[in-house]
Amino acid sequence: MSVGSLLILPGDGIGPEVMAEVRRIIDWYGEKRDLTFDVSEDLVGGAAYDKHGTPLTDATMDHAQEVDAVLLGAVGGPKYDDLDFSVKPERGLLRLRKEMDLFANLRPAQCFDALADFSSLKKDVVAGLDIMIVRELTSGIYFGEPRGIFEEGNERVGINTQRYTESEIDRVARSAFELAMKRDKKLCSMEKANVMESGILWREVVTEVAKDYPEVELSHMYADAGAMQLCRWPKQFDVIVTDNLFGDLLSDAAAMLTGSLGMLPSASLGTPMENGRPKALYEPVHGSAPDIAGQGKANPIACILSFAMALRYSFDLGEEADRLEAAIEQVLADGKRTADLLGEEGVTPVSTSGMGDAILEALDNSL
Ligand code: NAI
Ligand code: MG
């Protein structure tokens with residue numbers, strides 16, 4: 001049974017290496033679960049620049065707008081550092097996010113029990129942690145006008161503007177409430193309504209949207225207090241929704257509660273398409289890791305978990321996403337570790353494909 005279309009953009013560095021493991025898992029779903037994806041693959045980032053002189057061609061962009069989900073590996077690398085800003089690999093990714101209007105960035109912070117020792121926090125603070133930060137991604141202070149560096153009297157002044165319209169707040173709040181409905185029905189909204197007018201409006205609009213979701217328990221917190229609470233007792237949260245700037249900081253901080261960059265997935269969602277599915281881009285949080293690229297050392301789990309998010313949020317296959325996450329949990333509990341996850345003495349790391357093998361075996365065992 002075909003469940004929908006998926007555009008794969010492996011990109012640069014370890015991107016193609018981790019994506020190869022995702023391809024094997026996609027094949028497994030076809031063979032063992034009769035769930036086939038209409039998969040296409042294309043270039044992005046430096047790989048696209050090398051072939052086409054641009055980090056994202058118009059044809060690839062158009063295709064990305066049509067598919068149910070885009071899955072991206074990573075872009076960039078030292079080879080491209082001296083390129084003009086307009087054709088840098090990162091521009092390909094930014095163009096995708098902008099033209100698909102992906103306003104809701106989902107960043108889970110999930111701690112697999114077997115890796116709880118990896119956290120900088122005490123084991124009981126993070127073991128079993130499973131929270132989701134929803135960061136507004138297309139507006140706020142990174143985009144607001146006026147912006148720039150101006151002369152004022154005899155010195156320069158740097159200006160950025162935090163600006164949010166009601167509709168921008170409304171749509172990201174709705175995404176967060178929808179998510180909360182599928183999870184523990186608890187949402188905490190973070191801003192600084194004590195010192196920022198955009199924060200006052202944020203709180204008002206979120207409170208208004210809450211009327212459509214009476215089952216969800218809504219709370220508000222100042223973002224600085226939220227940062228403290230995330231470090232003190234993160235398990236008090238389920239879904240957090242916040243603006244672009246605070247979300248940038250809070251999601252990175254929350255991610256590190258759980259250990260390695262090689263474990264962190266993300267999703268960016270936009271408005272629903274004609275078939276009701278949101279435009280969607282899934283990608284690991286990590287970059288192209290040039291220091292380990294080509295050595296078979298990369299941890300594919302971040303990219304595989306990104307695919308699990310695609311199963312859940314684009315293809316409505318939540319149970320299959322659970323299955324895949326459980327398989328990863330099992331493999332980690334069995335002591336399998338890529339090099340980035342090595343803490344204990346005497347454990348031999350598995351390679352990128354070795355981790356893929358183990359996850360496929362655990363998937364087989366789940367049947
Ligand atoms: P990075 O995330 O590529 O690497 C940081 C460190 O984490 C490195 O030591 C790397 O080996 C390790 N690491 C990352 N992912 C790993 C994985 N899956 N398994 C094992 N170890 C892993 O960030 P860095 O070094 O700052 O950037 C490298 C390049 O990637 C740059 O060109 C940067 O612009 C680009 N980049 C791209 C991103 C994207 O495509 N979304 C995000 C961040 C950086
Ligand atoms: Mg950041």
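These legends go with a set of close-up views of one predicted model.

Some ground rules: residues are numbered from 1 along each chain as its sequence is written, while chains are lettered from A and ligands numbered from 1 in the order in which they are written. Because this is a predicted model, local features need pLDDT of at least 70 and side-chain atom pairs count only at pLDDT 80 or more, whereas totals for chains, interfaces and linings use all residues.

View 1. Helix 11 covers residues 318–333; helices (H or I, at least four residues) and strands (E, at least two) are DSSP runs, numbered from the N terminus. Its 16 residues reach 22 Å from first C-alpha to last, close to the 22 Å expected at 1.5 Å a residue (the expected span is 1.5 Å times one less than the number of residues). L324, A327, I328, V331 and L332 are buried here. They cover an arc of only 135° around the axis, which puts them on the same side of helix 11; the arc is that of the directions from the helix axis to the C-beta atoms. "Buried" means 20 or more other C-beta atoms within 10 Å of the residue's own, "exposed" means 12 or fewer, and "partly exposed" is in between, with C-beta atoms placed from the backbone. The buried residues of helix 11 pack against helix 10 (301–313) and helix 12 (352–365), where contact means C-beta atoms, placed from the backbone, within 7 Å. After helix 11 comes G335, with a positive phi near 95°.

View 2. Buried here are T352, M355, G356, I359, A362 and L363. They sit on the same side of helix 12, because they cover an arc of only 125° around the axis. Packing partners for the buried residues of helix 12 are helix 1 (15–33), helix 10 and helix 11. Turned away from the buried side are the exposed residues D364 and N365.

View 3. Domain 1 takes in 1–110 + 260–367, and domain 2 is 130–256; the bounds come from an automatic or database domain assignment. Their C-alpha centres lie 26 Å apart. The contact uses 15 residues from domain 1 and 16 residues from domain 2. On the domain 1 side, strand 4 (104–110) and strand 11 (265–272) each supply at least two residues. Strand 4 gives the most to that side, with 7 residues.

**View 4. The shell around ligand 1.** Which of the 22 residues around ligand 1 come nearest? They are G76, G262, H286, G287 and N299; a residue counts as near if its C-beta atom, placed from the backbone, lies within 6 Å.

View 5. Most residues other than glycine have a negative phi, and most peptide bonds are trans. D34, in the loop between helix 1 and strand 2 (36–41), has a positive phi near 55°. D34 counts as exposed because it has 9 C-beta neighbours inside 10 Å. K185, also not a glycine, has a positive phi of about 60°. The peptide bond from E145 to P146 is cis, with omega near 0°, and P146 is in strand 6 (residues 144–152).

Key:
Contact = placed C-beta atoms within 7 Å.
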